[in-house]
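Could you walk me through this model, and tell me what each term rests on? Let's take it one question at a time.

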There are 2 protein chains.
Amino acid sequence: MVDYSPLFLGSSERRADRWLGVSVSMAGSGGASASDAMPRQSRRNGISEATVARLPVYLRVLTGFAEGGIATVSSEQLAQAAGVGPAKLRKDLSHLGSYGTRGVGYDVEYLIYQISRVLGLTQHYSVVIVGVGNLGHALAGYAGFGTRGFRVVALVDADASRVGETIAGIEVRHTDELETIIKEHEVSIGVIATPASAAQDVCDRLVGCGVTSVLNFAPVVLNVPEQVDVRKVDLSIELQILAFHEQRKALVAQARS
Amino acid sequence: MVDYSPLFLGSSERRADRWLGVSVSMAGSGGASASDAMPRQSRRNGISEATVARLPVYLRVLTGFAEGGIATVSSEQLAQAAGVGPAKLRKDLSHLGSYGTRGVGYDVEYLIYQISRVLGLTQHYSVVIVGVGNLGHALAGYAGFGTRGFRVVALVDADASRVGETIAGIEVRHTDELETIIKEHEVSIGVIATPASAAQDVCDRLVGCGVTSVLNFAPVVLNVPEQVDVRKVDLSIELQILAFHEQRKALVAQARS
DNA sequence: ACCGCTTTGTGCACGTGTTCACAAAGGGTC
DNA sequence: GACCCTTTGTGAACACGTGCACAAAGCGGT
């Protein structure tokens, strides 16, 4: 039910001349792959994982500014709004080129365009969601999918009684059709919202069909080949991390008394 | 599921010896004293954030092993199952004490207990979920809440038409009652599953009532005082990170041809 | 009691990410 | 154009997390 209204720029492609091919290359990402990434950083000018993780935040904040009619921001303002330090922000942005005017700041629309480019949001990605439980339901209705180049082409579930149902305008199809759907729509991103017991199996099938990016909501460590990126979203892990800090704060408070 | 009660599960008597004989190994950080009551250990917790983020994973894997009747694991096995390197795992575990037997490995039950204790899961946490949309619905039904010391004491929504409804055995109450509920149940963790526009406001109210840990699902950067911990789960950020890597892989493939 | 095998715990080196501080660069003004 | 003011971009120091390699420690067999 998260209402997200992120309107994808639509800014013109002017000044595209300043876009030089950024040769991106990085070692494996923070997925839960069995083999931890190691040595090779074949070409330099790779944008670090930490930076990539922050770019979407900057993008969102910038979008808000653009909607508010703000044309220019300084690193100070942008950093403040994004919740990071100004120096870090400038260094992050510097990794994707020298877009910005000294003494002035950054042009909002232009920066939106550049970040979108670097993140690959100027392209289109087909997404399939596997598992139509409460969570799958919520994900299907999530506005974030519809925007910025992501399109949910299918919902898939193993429960035959759910097949045919329509959720958020998308028809539910049976798991057996997974392979067909992926090939048909050239799905590149798979979202796993199944019970833990089914996750690895589903993941294997996705990977077997050529899906190279997986977003995993199931509480398991997925085993995938090297070239596949897995990102996991795990509620109970987040809770446990909060619990740790909660305890730490309680102990400190206790010690003070 | 996991019984992390501070009781001895005595399959072997030697464990009790070690339990009491826990030696202080880390510089300055006295591991817990023999009593599990966690006394005045005002000593700084030398556990790094990165390690804390991995402990829940280890805990989950260990739980699986315990259910499978496995009594002992080596760092090799555990690391494999958790998707990390063996050295990293050993270093992580070493930060919470020297629990493990050279030449043998770690006692599964005992390690479960220790990790649970360090994470603060031996205590009880009351949780309130704000926002009963699709996502709030899914969260309420999420089994991860029910286990390991987390209890959802209330669902809250601004929409009066939803009030009174019962979801996953929990009654939905109106946002106006938020302050009452928090005080009444001593809520320490707040989950924000509202639209982005309401998130900061809800957060302020939570913090105002003394909540010091927030799990935020709304796509906004929350502004909170120093002592409050916020963790955010953001679907569209995850997608955009995947998009980046997807593009990277496409570029590499293209360059190869 | 000794020996050899296995596995932990950790010092050290390395790579990555963050912060600081400042020179270079642009715009505005006269 | 010369001057001043603002803000970027970045080198260099620093902090932190990771991986390697090995000595210390336990166990079982003889």
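**How the parts meet**

Q: What makes residues of chain A and chain B count as in contact?
A: Two residues are in contact if their C-beta atoms, placed from the backbone, lie within 7 Å. By that rule, 62 residues of chain A are in contact with 63 residues of chain B. This is a predicted model, in which local features need pLDDT of at least 70 and side-chain atom pairs count only at pLDDT 80 or more, while totals for chains, interfaces and linings use all residues. Residues are numbered from 1 along each chain as its sequence is written, and chains are lettered from A and ligands numbered from 1 in the order in which they are written.

Q: Which element supplies the largest share of the side of chain A that touches chain B?
A: That is α9(A), with 18 residues. Helices (H or I, at least four residues) and strands (E, at least two) are DSSP runs, numbered from the N terminus.

Q: How do the residues on that side of chain A divide into nonpolar, polar and charged?
A: There are 34 nonpolar, 19 polar and nine charged. Ala, Val, Leu, Ile, Met, Phe, Trp, Tyr, Cys and Pro count as nonpolar, Asp, Glu, Lys and Arg as charged, and the others, Gly among them, as polar.

Q: How many residues surround DNA strand C, and which are the closest?
A: DNA strand C has 29 around it, with A:Ser48, A:Arg102, A:Gly103, B:Gly100 and B:Gly103 the closest. Here α4(B) provides the largest share, five residues.

Q: Why are β5 and β9 of chain A said to stand at the edges?
A: Two strands pair if DSSP finds at least two bridges between them. The open sheet of chain A has seven strands in the order β5-β6-β4-β3-β7-β8-β9, with mixed pairing. β5 (166-167) and β9 each have a single partner strand, so one side of each is left without a neighbour in the sheet.

Q: How do you know that β3 and β7 of chain A pair, and in which sense?
A: They share four bridges, in the parallel sense, and the rule asks for at least two, so they qualify as paired. Within this pair, A:Val127 stands opposite A:Ile189.

Technical notes:
A residue is near a molecule or strand if its C-beta atom, placed from the backbone, lies within 6 Å of it.
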